[in-house]
Amino acid sequence: MSNSKQPSSGTLAAEPEPINLDWSATALVIIDMQRDFMEPGGFGETMGNDVSQLARAVKPIAAVLAAARDLGMLVVHTREGHLPDLSDAPPAKIERGAPSLRIGDPGPMGRILIRGEAGHDIIPALYPLANEIVIDKPGKGAFYATELGDILQKYGIENLLVCGVTTEVCVNTTVREANDRGYRCVVLADGCASYFPEFHEMGLKMIKAQGGIFGWVSDSAAVLKAMTPDNSITLAAGASR
């Protein structure tokens, strides 16, 4: 936490329109930046995907993460994965498609998409600090079968800055879940990525369509500008997070 004074709120350039965010009521939610999705040998590659497509999101996320930490914002990381006995993995999910390795199979980074294995963990460039929240989720959305809703309510969160992978799957699902629960969501376009660039583009369009039916779309540069220190009061809540 920086000792310099930080803005208590900021107006963020976004589509379909700018949005003013109270940083004390805003959380940064980083979706599934895990080795199993991001690196060779993980679940993403076993499904035939080019994992290098996701690398473009790392630097923008890292920049916003550093600023959020300096501002004292609540930071939440999520990881998709399952218990070692697969009791929380529906057979339909395990059997879907034709990957070279299925969920639970031994892989180069341990059992594929299993909690506690190396591949399930978050990439080093975005690794959580000890005081940051990590949500382990068995599904695509971050609210399904997790404690995320209770945590956000505890901290008085009203707005979510959402980034991570993949745009059209776990990011979109989480934003839709959050929208139904009354949260205002801003998705960082350059902080998200997909194995399929066209899906990334369409995933963002669906969020901001019809006047922002699910939320707003912005980017890391706009967020960093909105977080620029001024003479506002320091975010007091940050000291306890």
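Guide: Start with strand S7, residues 133–137, which has a covered face made of Ile 133, Ile 135 and Lys 137. Its uncovered face has Val 134 and Asp 136. Keep in mind that this is a predicted model.

Visitor: How does S7 pair with S4, and over how many bridges?

Guide: S4 and S7 pair in the parallel sense, over 5 bridges. One of the residues to look at is Arg 79, whose bridge partner in S7 is Asp 136.

Visitor: Where is His 77, and is it buried or exposed?

Guide: His 77 is in strand S4, which covers residues 74–80. His 77 counts as buried because its relative accessibility is 1%, and the cut-off for buried is under 20%.

Visitor: What is His 77 in contact with?

Guide: Leaving aside neighbours within four places in sequence, the contacts of His 77 include Ile 133, Val 134 and Ile 135. Also among them are Ile 30, Leu 65, Arg 69 and Glu 132.

Visitor: New topic. How many disulfides are there?

Guide: The structure holds 0 disulfides. Cys 163 is in none, and the nearest cysteine sulfur, that of Cys 192, is 6.2 Å away.

Visitor: What about aromatic pairs, how many?

Guide: The structure holds 2 aromatic pairs. One of them is formed by Phe 196 and Phe 199, with 4.9 Å centre to centre and 50° between the planes, and it is tilted.

Visitor: How accessible are Phe 196 and Phe 199?

Guide: Phe 196 counts as partly exposed at 33% relative accessibility. Phe 199 is partly exposed as well, at 39%.

Visitor: Last one. Where is Glu 17?

Guide: Glu 17 is in the loop between strand S1 (9–12) and strand S2 (19–22). Glu 17 is partly exposed, with a relative accessible area of 45%.

Visitor: How far is Glu 17 from Gly 97?

Guide: Their C-alpha atoms are separated by 39 Å, and the two residues are 80 residues apart along the chain.

Notes:
Residues are numbered from 1 along each chain as its sequence is written. This is a predicted model: local features need pLDDT of at least 70, side-chain atom pairs count only at pLDDT 80 or more; totals for chains, interfaces and linings use all residues. Side-chain values use heavy atoms; hydrogens and water are left out. Helices (H or I, at least four residues) and strands (E, at least two) are DSSP runs, numbered from the N terminus. Buried means under 20% relative accessible area, exposed over 50%, partly exposed in between (1.4 Å probe, protein chains only). Contact means heavy atoms within 4.5 Å. Two strands pair if DSSP finds at least two bridges between them. Rings of Phe, Tyr and Trp (its six-membered ring) pair if their centres lie within 6.5 Å; planes under 30 degrees apart count as stacked, over 60 as edge-to-face and the rest as tilted. A disulfide is a pair of cysteine sulfur atoms within 2.5 Å.
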